[in-house]
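I set down what I looked up, one topic at a time.

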Amino acid sequence: MNVHDSEKVVGTLMARGYTQVETPEDAQLVLYNTCSIRDKAEQKVFNRLRQFQRRAGKGKIFGVLGCVAQQEGEEIFRRAPHVSLVAGSASYTKLGEMLAEIESGNRRVTGLSLSTDETFDTPFTHRDNPHRASITIIEGCDKQCAYCVVPFTRGPERSRTSASVMDEARGLAERGSTEIQLLGQNVNSYRDPSPAGWDFAALLARVAEVPGIRRVRYTTSHPRDFTRSIVDAMDSNPAICDHVHLPVQSGSTKVLAGMDRLYTRDDYMRRIEWLKTARRNYSITTDIIVGFPGETEEDFEQTLGLLDEVQYDSLFSFKYSPRPNTAALAMGGRVADEEKQRRLVIVQEKQRAIQIRRNAMLIGGIREVLVEGRNPALGQWIGRTSDNRTLNFTVADSNGHDLVGQYLQVRVTRSGPNSLVGESVSVV
Ligand code: 5AD
Ligand code: SF4
C-alpha cells in the first residue's frame, strides 16, 4: 500500500514539474514514506534522517510522509529540525497545496488532520511497471483490532466511487496493463458512495470484466467482512486470480476476542470451507501474530493446529509488537520476547514443511505465468502464477525476445518451500 502511495506522490510531484533523480544524493527534495505497523519504526526513521543529513543533506529539503509522520506529528520537527514537511496519508489530497507552501519558502508544513471523508484519487499516479498496477479502492480502517495502529495513522474508512475506480481500471487496460491489484486496509468493507452502491463483490466482478484485464488480485481481506458473494464472484470470473489472503492472526478464539477481531475460530473456518468447496481451486494465505498479550502455550498450539487444518500456501508471521495508542498496550499477560521468538520459529518451521509438501504436489502440472523479470545468473525467467506462486523457468529458445509482461504456459519440474521451477511449453 505504501509503494502505491509513493507512486501517487511521485506522480503529483512530476505533474508540478519535478523530475525524478537516480539517487537521494542528487535530489533537492527528499521525501521519506514511512510505515509504523510494527517494531521501532519511528526510531528507524530518525536514524535514517540523521545519517543522511550528516552525509549529504546540505541544502536539501526533507519531508516525512506516511504513518510515522502521522504518529509522531510535529515531534519530528523537534527531533529532526531539518525536516520541512510532515504529512500523513489522510492529507495527501492536499499535497499540491503543501508543496506550494514549501516552494514559497515555508519550512514548517504539516498535514496531520485525520478527519477527512476524501480519498486521494489522482490522475497523476506514476507507475514504473507497465504490466501490473495497483488501484486503491478504500482508504483508512474503521475496525479497532487491539494491536493495530492503522486506524490512528490512516484515519477512518472511506471508499472511492465505483466510477472513479472503473475509469482508472479502463485507463490502465488501455495503456496495456493486464494485471490489476485492488488495494485497501479492508477491501471487503468497500461500499460505493455513489448511488450505484456497489459492494466489494460487485466491484471485483466489474473490474474483472474490463477488456484487456487478464488478472485481478485484491488485498487485504478482513475475515468478518469476507462474504460468500465474494467467493461467488471469484468462481464466475476466471480473470480474478485463484488466491485469497485471509489474515487469521490467531487460531485461538480467546486470543481473537482479546484482539477484537470480531470473529471466532469457527467463523473463520466457515470462510475457509467456502473456499475449499468452491468451484475453483483457491490458494489461501494468511498473517499470524504470535505472543499477543495473554497468549498461553495452549492458545499458541491452537494456532499450530489451525495451520494443519487449513494448509495455507504461504503466510506472513510476526511477533506481537506494542504500538502507540492501541488497546493492547494496557493489557496484562505480556509474553517475553524470547518466548515470542521461540513461537515465531515454530510457526515458520511448521509452515515451511507444509509448503514443501504442497508445492511438491504441483510437479508435472502446467501453469500459466505472467513473466515479471529475468535472472541472468541462473538463465531463468521469473514468472508469477495466478495463485501467487513464483515460478522460475527456462525457455528453450527465446530468440532474444524480452518476455517480461507476456503470459506463458510453464511445466513445473521442481519445487522448493517458496517457489517452483519449470520450463516453458509455449512457443515464444
Ligand atoms: N504487532 C505484530 N504484528 C502486527 N500486524 C499489525 N499490527 C501488528 C502488531 N502491532 C500484522 C498483522 C497484520 C499485518 C499487516 O501486520 O498480522 O495482518
Ligand atoms: Fe488494523 Fe484490524 Fe484495520 Fe486490519 S482490520 S488495518 S489489522 S485495525
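**Entry 1: helix H8.** I began with helix H8, which spans residues 200-208 and is mostly covered, with 7 of its 9 residues buried. I note that the model is a predicted one. Which residues of H8 are buried? I listed Phe200, Ala201, Leu203, Leu204, Ala205, Val207 and Ala208. I recalled that an α-helix has 3.6 residues a turn, so residues three or four places apart point the same way. I then looked for what covers the buried residues of H8, and found among the covering elements helix H7 (162-174) and helix H9 (228-236). Strand E8 (179-183) and strand E9 (215-219) are also included in that cover. At the N-terminal end of H8 I found a cap, Asp199, with a side-chain oxygen 3.3 Å from the backbone nitrogen of Ala201.

**Entry 2: strand E14 and its partners.** I looked up its pairing with strand E13 (residues 366-375) and counted 6 bridges, the two strands running antiparallel. Strand E15 (residues 390-394) also pairs with E14 in the antiparallel sense, over 4 bridges. I then examined the two hairpins. The hairpin of E13 and E14 has 4 residues between the strands, and Gly379 there takes a positive phi near 65 degrees. The hairpin of E14 and E15 likewise has 4 residues between its strands, and in this one Asn388 takes a positive phi near 75 degrees.

**Entry 3: ligand 1.** Which residues are around ligand 1? I recorded Ile37, Arg38, Tyr147, Gln249, Asp287, Ile289, Phe318, Lys319, Tyr320, Ser321 and Arg323. This shell divides into 5 nonpolar, 2 polar and 4 charged residues. Strand E11 (283-290) and strand E12 (314-319) each supply at least two residues of the shell. I then looked up polar atom pairs. An oxygen atom of ligand 1 lies 2.7 Å from a polar side-chain atom of Arg38. An oxygen atom of the ligand is also 2.6 Å from an N or O atom in the side chain of Asp287. For Tyr147 the backbone takes part, with a polar atom 2.9 Å from a nitrogen atom of ligand 1. Taken alone, ligand 1 exposes 400 Å², and the protein buries 86% of that.

**Entry 4: ligand 2.** Around ligand 2 I found Cys141, Lys143, Cys145, Tyr147, Cys148, Val150, Pro151, Gln185, His222 and Arg261. I sorted this shell into 6 nonpolar, 2 polar and 2 charged residues. Tyr147 is listed around ligand 1 and again around ligand 2.

**Entry 5: Ala328.** Where does Ala328 lie? I located Ala328 in the loop between E12 and helix H13 (337-360). Is Ala328 buried or exposed? With a relative accessible area of 2%, Ala328 counts as buried, because the cut-off is under 20%. Leaving out residues up to four places away in sequence, I found that Ala328 touches Ala146, Tyr147, Phe292, Pro293 and Tyr320. For Phe292 I also looked up the separation from Ala328: the two are 36 residues apart in sequence and 8.3 Å apart in space, C-alpha to C-alpha. Among these contacts, Tyr147 and Tyr320 also belong to the residues around ligand 1.

Note on methods: Residues are numbered from 1 along each chain as its sequence is written. Chains are lettered from A and ligands numbered from 1 in the order in which they are written. This is a predicted model: local features need pLDDT of at least 70, side-chain atom pairs count only at pLDDT 80 or more; totals for chains, interfaces and linings use all residues. Side-chain values use heavy atoms; hydrogens and water are left out. A residue is near a molecule or strand if one of its heavy atoms lies within 4 Å of it. A polar contact is a pair of N or O atoms within 3.5 Å; within protein, one must be able to donate a hydrogen and the other to accept it, and residues adjacent in sequence count only if both atoms are side-chain atoms. Accessible areas come from the Shrake-Rupley method with a 1.4 Å probe; for residues, only the protein chains shown count as cover. Ala, Val, Leu, Ile, Met, Phe, Trp, Tyr, Cys and Pro count as nonpolar, Asp, Glu, Lys and Arg as charged, and the others, Gly among them, as polar. Buried means under 20% relative accessible area, exposed over 50%, partly exposed in between (1.4 Å probe, protein chains only). Contact means heavy atoms within 4.5 Å. Two strands pair if DSSP finds at least two bridges between them.
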